[in-house]
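Dear colleague,

A summary of the findings follows it.

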Amino acid sequence: MDMYFPSGFPMCRGITGLSNNCLERAKRLKAYVGGFLQRQDLSSICKYRKPRLTLEECLMWKKSFEKLLSSKHGLYAFKAFLVSEFSEENIAFYLACEDYKSTKSAAKMPSKAKRIYEEFIGSEATREVNIDYETRDITQANLKSPTASCFDMAQYRIYILMEKDCYPRFLRSTAYRNLVNQLTVKSAKARSKKAVAARPPCEEEEPKLKT
């Protein structure tokens, strides 16, 4: 099933997708967040989360989009990147669907499904995601009898969108590359300290007697 995107509509919605009354505020926020990420290079975002981010984990994010999302540090960094690009509604919708599928009470599903639809899919959605009309119609029909799988098609569309478009740009971003460089330097220093600590102490030479 092919996805339909309106002409000129970006894959990950950016600042141009906002309403006029939010545009000025959005520009200021984007400048602030973008500047923050450029200065901090994501290191301060990750270093206070336990356990600490390692170089090995950071490099694992490049293996696949699934590995990025399965890492708590990776998910946090990716969300921060999407905020800087004003496309955070994509990951927010994906996570909302994950939370919805874990709902144990069937009685709570209709109200939760309605909230998700109104926030991310409906015609007046405050954080509308970019899905094709057929997927939108099928999802709307599913809400008549909500089940754990009623958002599966829409969630899959957004997952593929992020995997094919947002994820590669995250890996190419200055923030991610700087984070890898910082962790590489840190790892090298740690190995150097361990090597020095592991060296046997040098034996002192006995003073030679004068003849």
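**Findings**

Helix H5 is followed by Phe86, whose phi is positive, near 55°. This is a predicted model, in which local features need pLDDT of at least 70 and side-chain atom pairs count only at pLDDT 80 or more, while totals for chains, interfaces and linings use all residues. Residues are numbered from 1 along each chain as its sequence is written, and side-chain values use heavy atoms, with hydrogens and water left out.

The chain contains 10 helices and zero strands (DSSP runs numbered from the N terminus: helices are H or I of at least four residues, strands E of at least two). Along the sequence the pattern reads α-α-α-α-α-α-α-α-α-α. Of the 211 residues in the chain, 37% are buried (under 20% relative accessible area, with exposed over 50% and partly exposed in between, for a 1.4 Å probe and protein chains only). Among contacts (heavy atoms within 4.5 Å) between residues at least 6 apart in sequence, 67% join residues at least 24 apart.

H5 comprises 13 residues, 72-84, and should span 18 Å at 1.5 Å a residue; its end C-alpha atoms are 19 Å apart, which agrees (the expected span is 1.5 Å times one less than the number of residues). At the N-terminal end, Ser71 caps H5, with a side-chain oxygen 3.4 Å from the backbone nitrogen of His73. His73 is itself buried, and the buried residues of H5 also include Gly74, Leu75 and Ser84.

H5 packs against helix H9 (residues 152-172) at an angle of about 95°, with the axes 10 Å apart (axes are lines fitted to C-alpha atoms, for helices over the stretch in contact, and angles run from 0 to 180 degrees between N-to-C directions). H5 is therefore roughly perpendicular to H9 (65 to 115 degrees; under 35 counts as roughly parallel, over 145 as roughly antiparallel and the rest as oblique). Ala77, Phe78, Phe81 and Leu82 in H5 meet Met162, Cys166, Tyr167, Arg169 and Phe170 in H9. The residues of this contact comprise eight nonpolar, no polar and one charged (Ala, Val, Leu, Ile, Met, Phe, Trp, Tyr, Cys and Pro count as nonpolar, Asp, Glu, Lys and Arg as charged, and the others, Gly among them, as polar).

Helices H6 (residues 88-101) and H7 (residues 109-120) pack at about 170°, with their axes 11 Å apart, and are therefore roughly antiparallel to each other.

Technical notes. A polar contact is a pair of N or O atoms within 3.5 Å; within protein, one must be able to donate a hydrogen and the other to accept it, and residues adjacent in sequence count only if both atoms are side-chain atoms.
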